[in-house]
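Please view the sequence and the structure side by side while reading.

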Amino acid sequence: MKHQESEKQLPQMSLDEIKRVALHAGANYHFVSVQLNEMNYNHEIKKSIFGMVDSVNDRFMLVDDVKVVYESIRSVQVIR
């Protein structure tokens with residue numbers, strides 16, 4: 001049985017900060033890591049979503065064609 005390492009839970013970002021980072025990343029073609037406020041059955045943070053920000057609107061953002069609703073996001077980090 002392969003042991004899967006869980007991710008470190010990042011601090012909850014405000015909605016304004018999430019949008020600001022997403023807009024900046026999208027405008028500057030940066031990759032991002034999006035950590036969701038979701039746990040697996042072992043109460044571990046689910047794996048982050050990695051990719052480019054395709055678009056941002058008032059309700060969600062698209063990261064490599066994956067729709068991510070703001071209410072489900074814990075943290076967005078620019079990958080450099």
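Strand 3 and strand 4 form a hairpin with two residues between them, and D64 in the turn has a positive phi of about 45 degrees. The model is predicted, so that local features need pLDDT of at least 70 and side-chain atom pairs count only at pLDDT 80 or more, while totals for chains, interfaces and linings use all residues. Residues are numbered from 1 along each chain as its sequence is written, and side-chain values use heavy atoms, with hydrogens and water left out.

Strands here are DSSP runs (E, at least two residues), numbered from the N terminus, and two strands pair if DSSP finds at least two bridges between them. The table lists pairings in this sheet.

| Pair | Sense | Bridges |
|---|---|---|
| Strand 2 (residues 49-56) and strand 3 (residues 60-63) | antiparallel | three bridges |
| Strand 3 and strand 4 (residues 66-69) | antiparallel | four bridges |
| Strand 1 (residues 31-36) and strand 5 | antiparallel | six bridges |

V63 stands opposite V66 in strand 4, and V63 in strand 3 is also the bridge partner of V53. Strand 2 and strand 3 likewise form a hairpin, with three residues between them. Elsewhere in the sheet, L36 stands opposite I73 in strand 5.

Taken as a whole, the sheet is open and has five strands in the order 4-3-2-1-5, with antiparallel pairing. Its edge strands are strand 4 and strand 5 (73-79), each of which pairs on one side only. Neighbouring strands are turned by 45 degrees against each other on average, direction ignored, where the axes are lines fitted to C-alpha atoms and angles run from 0 to 180 degrees between N-to-C directions.
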